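Hello,

Here is the structure I promised to pass on to you. Please open it beside this email and look for each part as you read.

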Amino acid sequence: MASDPRTRLVVLFGGVSAERDVSCVSAAHVLAAVDRDRFDVVPVGIDGEGRWLLADDAKALLDSGRAGEIGGSVAVAGTELEPLPAVAPARPDQQVVVLPLIHGPLGEDGTVQGMLELAGVPYVGSGVLGSATCMDKVAAKAMAAAAGLPQVRHLAARDVQADAAFCTEAVATLGLPLFVKPANMGSSVGVTRVDDPDALPAAVADALRYDEWVVVEAAVTGREIEVGVLGNAELRVSVPGEIVPTHEFYDYEDKYVDGAARLVVPAEIPTDVAEGARDLAARAFRALRCDGYARVDLFYEEGGRGLLLNEVNTIPGFTPYSMFPSLWAASGLPYAELITEMVRLGVERHAHRAGFGRPQPDA
């Protein structure tokens with residue numbers, strides 16, 4: 001019997017963070033669309049207790065050629081696995097690559113990436129440093145400032161310092177309204193808009209339910225522009241898109257519950273602004289040490305400061321209707337081909353880094 005030439009692609013989803021449900025939806029769409037002629041796909045979920053599980057129902061549909069029947073999300077349930085065997089090749093000559101689709105802490109923050117680095121397993125996306133930096137808004141803003149990138153004015157504090165004096169300083173320094181965010185969280189979880197200074201302590205306390213660091217940002221009256229970036233040393237940058245929220249800001253409900261926010265791709269902005277957005281996205285991707293792929297979120301303050309960096313997402317939402325795949329579809333790279341390219345970039349990065357820091361044989 002001929003050996004299977006396909007790459008073993010482990011799609012890792014779920015996790016213990018508040019963004020677990022979003023991860024399961026992203027994984028379902030990837031599993032349904034991935035090129036099965038190229039990849040032997042293995043869906044592995046991490047449940048809320050941190051256990052690694054083979055997603056038995058999804059695997060059965062994949063194996064029977066019925067991937068299109070996978071629903072809107074994948075259940076984190078099935079046969080329990082040990083982490084390292086779960087990401088091992090099925091046979092010695094098989095290439096294996098892990099596609100982490102775990103949004104938020106303990107998945108998007110360099111922890112899974114570090115485990116895979118130790119195991120010597122190629123994976124898709126940014127490495128430990130880029131993942132950790134982009135997940136932590138305090139660290140990301142410091143690196144962006146060091147690189148001279150324009151960004152939103154802000155203050156940050158650790159939980160033990162986020163007291164009444166910090167709130168008073170934030171209002172005096174940044175004015176109102178303010179946005180309060182956990183430093184390490186995505187999908188707008190724990191984010192509050194504050195228009196009344198008396199409401200700021202409660203908003204800070206809510207953000208600190210999710211992380212020990214809190215960020216308070218000055219509000220920007222501007223348009224929300226997003227750009228996709230692909231590559232390692234050499235980058236490809238998508239057309240910009242625009243988020244048009246229906247809520248007061250682009251919050252969790254507007255993204256995932258109501259689904260009413262409008263994505264305009266390409267964004268209806270002047271050509272020079274679009275080129276500026278693409279340039280700023282590439283600069284941010286490099287400054288924050290990203291690899292593989294990321295979605296760069298910007299603000300466009302018309303008649304004011306122009307383009308400002310908001311944040312960089314190293315594992316953005318990944319349904320066919322999410323902004324990142326939509327940007328690339330509009331740039332000539334359809335959903336299934338985008339997944340294949342991301343995997344290729346992960347293999348490329350792993351091969352490039354494989355020899356660094358290893359003992360050299362005696363001459």
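Below are some notes on strands, cysteines and salt bridges.

First, some background: this is a predicted model, in which local features need pLDDT of at least 70 and side-chain atom pairs count only at pLDDT 80 or more, while totals for chains, interfaces and linings use all residues. Residues are numbered from 1 along each chain as its sequence is written, and side-chain values use heavy atoms, with hydrogens and water left out.

**Strands**

Helices (H or I, at least four residues) and strands (E, at least two) are DSSP runs, numbered from the N terminus. "Buried" means under 20% relative accessible area, "exposed" means over 50%, and "partly exposed" is in between, using a 1.4 Å probe and protein chains only. Two strands pair if DSSP finds at least two bridges between them.

Which strands pair with β3? Strand β2 (residues 39-46) pairs with β3 in the antiparallel sense over three bridges, with glycine 45 opposite leucine 53. The hairpin of β2 and β3 has five residues between the strands, and glycine 50 there takes a positive phi near 85°. Strand β4 (residues 78-81) is also antiparallel to β3, over four bridges, and here alanine 55 stands opposite glycine 78.

Now find strand β10, residues 223-231. Nine of its nine residues are buried, so β10 is largely enclosed by the rest of the structure. β10 runs antiparallel to strand β14 (residues 292-301), and nine bridges join the two. Strand β11 (residues 235-237) is joined to β10 by three antiparallel bridges, and a hairpin of three residues connects β10 to β11.

**Cysteines**

How many disulfides are there? Taking a disulfide as a pair of cysteine sulfur atoms within 2.5 Å, the count is zero. For cysteine 290, the nearest cysteine sulfur belongs to cysteine 134 and is 3.6 Å away. Cysteine 290 is buried, at 6% relative accessibility.

**Salt bridges**

A salt bridge is a side-chain nitrogen of Lys or Arg within 4 Å of a carboxyl oxygen of Asp or Glu. The structure holds 24 of them, and these are a few to look up:

- Glutamate 311 and lysine 137 meet at 3.9 Å, N to O. They sit in strand β15 (residues 306-313) and helix α6 (residues 137-146), 174 residues apart. Lysine 137 is buried, at 8% relative accessibility.
- Glutamate 217 and lysine 181 have their closest N and O atoms 3.0 Å apart. Glutamate 217 belongs to strand β9 (residues 213-218) and lysine 181 to strand β7 (residues 178-182). Glutamate 217 is buried at 3%, and lysine 181 is buried at 9%.
- Aspartate 291 and arginine 349 meet at 3.1 Å, N to O. Aspartate 291 lies in the loop between α10 (271-287) and β14, and arginine 349 in helix α12 (residues 335-353), so the pair ties together parts that are 58 residues apart in sequence. Both residues are buried.
- Arg236, Glu341, Arg344 and Glu348 are linked in a network of salt bridges.

Enjoy exploring!

Best wishes
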